[in-house]
Amino acid sequence: MADAKAVIERLEGLVPELEQAIEQVIEQAQGQATSQQASGQALEDVRVRFLGRKGLLAEAMSGLGGLDPADRPAAGRAANAVKTSLTELFDKAAAGLKQAAGDAAQSRFDPTMPGMAPPLGSLHPITRVMDEICGVFQGLGFEVVTGPEVEADWYNFEALNMPPEHPARDMQDTLYVTDTVVLRTHTSSLQIRSMLARKPPVAVIAPGKVYRRDSDLTHTPMFHQIEGLLVDRDVSMADLRGTLDAFVRQLFGADTKTRFRPSFFPFTEPSAEVDISCVMCGGTGQVNGETCRVCKQTGWVEILGCGMVDPEVYRHVGYDPEKYTGFAFGLGIERVAMLKYGIGDLRMFFENDVRFLSQFP
Ligand code: 2NL
């Protein structure tokens, strides 16, 4: 017959043994020598060693079977009490370890550290220049208008004094959607729409994407344009010059000079092209003793086309050409942006390389 006292002693001896094993795991965890995951695993190993199916408790309890039946109830109660103690010890240790891991994370968190700045986007340089130009004209009392990029040929050509056989309507130059629908080749179509929608005085500025059947080093099939239109009684070419002078000075600086050269557009008469004194060399034609690459030593760069609205356009929108006069102008945004920021290659605007774009914060 096995000795009941010895079995009970063996069982009860497990409690301090587990306490010691747990203490060891906790000491290791506090020494930071082990990771949170490693100490969790070490504790689990201890649990299996004591409480597992073939663990120390199971082994000690197997002694119960060999006892005198009279001793079994007392030994059984002792065994149950030990099992409860061991389980509680283990649960407490596991909770303590988890708490300690949380505390450690807390102490590593430094609320005084500067935050991480989220990466900021920026406006495309074309958008910036477009906004800036619109802002200047809004300051002069013009209203910004927008509208469709897919346009009936009547608004894009016919109303602008470009009848069906006009050379600008050639398939070589224009992107046709159907026989009578085009991708707008300029934003003049918006100004035609504006004139149809209201009576003079009209002062509108029309920014947007335009499309031409053209693609090489200096031309892209899509580019950006701004057109302006002012129609009222007694509008003269002097008003046109004054308005464009004010615009150019605001955009390129107060020292900028302008010059008007005679030109031709089907929708204006007379027509002119406007040059500004070169933004690179200040009109001298030289940069550090070398030929200015922007104006090719001429001291001037072309910036826009303009003119007095042709009476033929008024007839198409139902304005009386005897009563009203007005001026219009158009300019390419890419060209202005290249001049303003000293960009030499048109393709930069369309590649959308972040290293380029992020230079315009
Ligand atoms: C250029 C020249 C120009 C216009 C656009 C216009 C619009 C209407 C009536 C008359 Cl509704 N004219 N627009 C006039 C002259 C020149 O653009 O070189 N653009 C890039």
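How do the residues of the shell around the ligand divide into nonpolar, polar and charged? They divide into 8 nonpolar, 6 polar and 1 charged, where Ala, Val, Leu, Ile, Met, Phe, Trp, Tyr, Cys and Pro count as nonpolar, Asp, Glu, Lys and Arg as charged, and the others, Gly among them, as polar. The model is predicted, and local features need pLDDT of at least 70, side-chain atom pairs count only at pLDDT 80 or more, and totals for chains, interfaces and linings use all residues. Residues are numbered from 1 along each chain as its sequence is written, and side-chain values use heavy atoms, with hydrogens and water left out.

**Ligand surroundings**

- The ligand is surrounded by 15 residues, of which Glu-227, Phe-267, Gly-305, Ala-328 and Gly-330 are the closest; a residue counts as near a molecule or strand if one of its heavy atoms lies within 4 Å of it.
- Polar contacts are pairs of N or O atoms within 3.5 Å, and within protein one atom must be able to donate a hydrogen and the other to accept it, while residues adjacent in sequence count only if both atoms are side-chain atoms.
- A polar side-chain atom of Glu-227 lies 2.8 Å from a nitrogen atom of the ligand, an N or O atom in the side chain of Gln-225 is 3.4 Å from a nitrogen atom of the ligand, and for Gly-330 a polar backbone atom is 3.3 Å from a ligand nitrogen atom.
- Of the 490 Å² of accessible area that the ligand has on its own, the protein covers 89%, with accessible areas taken from the Shrake-Rupley method with a 1.4 Å probe and, for residues, only the protein chains shown counting as cover.
- Two or more residues of the shell around the ligand come from each of α7, β5 (222-232), β10 and β11 (325-332), and α7 gives the most, with 4 residues; helices (H or I, at least four residues) and strands (E, at least two) are DSSP runs, numbered from the N terminus.

**Aromatic rings**

- Rings of Phe, Tyr and Trp (its six-membered ring) pair if their centres lie within 6.5 Å, and planes under 30 degrees apart count as stacked, over 60 as edge-to-face and the rest as tilted; by this rule the count comes to 11 aromatic pairs.
- One of these pairs is formed by Trp-154 and Tyr-155, which are edge-to-face at 5.3 Å centre to centre with 85° between the planes.
- Trp-154 is partly exposed, with a relative accessible area of 29%, and Tyr-155 is partly exposed at 22%, given that buried means under 20% relative accessible area, exposed over 50% and partly exposed in between (1.4 Å probe, protein chains only).
- The ring centres of Phe-356 and Phe-360 are 5.2 Å apart and the planes stand at 70°, so this pair is edge-to-face as well, and both Phe-356 and Phe-360 are buried.
- One aromatic cluster is formed by Phe-137, Phe-142, Phe-247, Phe-327 and Phe-329.
- Tyr-155 also has the charged end of Arg-193 over its ring, 4.1 Å from the ring centre; a charge sits over a ring if NZ of Lys or CZ of Arg is within 6 Å of the ring centre and within 35 degrees of the ring normal.

**Backbone geometry**

- The peptide bond from Pro-200 to Pro-201 is cis, with omega near 0°, and Pro-201 is placed in the loop between α7 (188-197) and β4 (202-211).
- A cis peptide bond also runs from Glu-269 to Pro-270, with omega near -5°, and Pro-270 is found in strand β7 (residues 268-277).
- Asn-161, a residue other than glycine, has a positive phi near 70°; Asn-161 lies in the loop between α6 (153-156) and β3 (181-183) and counts as partly exposed at 25% relative accessibility.
- Lys-296 likewise has a positive phi, near 55°, in the loop between β9 (290-291) and β10 (300-309), and Lys-296 is exposed with a relative accessible area of 63%.

- Gln-28 lies in helix α1 (residues 4-30) and is partly exposed at 46% relative accessible area; the C-alpha atoms of Gln-28 and Gly-76, 48 residues apart along the chain, are separated by 35 Å.
- Met-308 is placed in strand β10 and counts as buried at 10% relative accessibility; the C-alpha atoms of Met-308 and Met-237, 71 residues apart along the chain, are separated by 6.8 Å.
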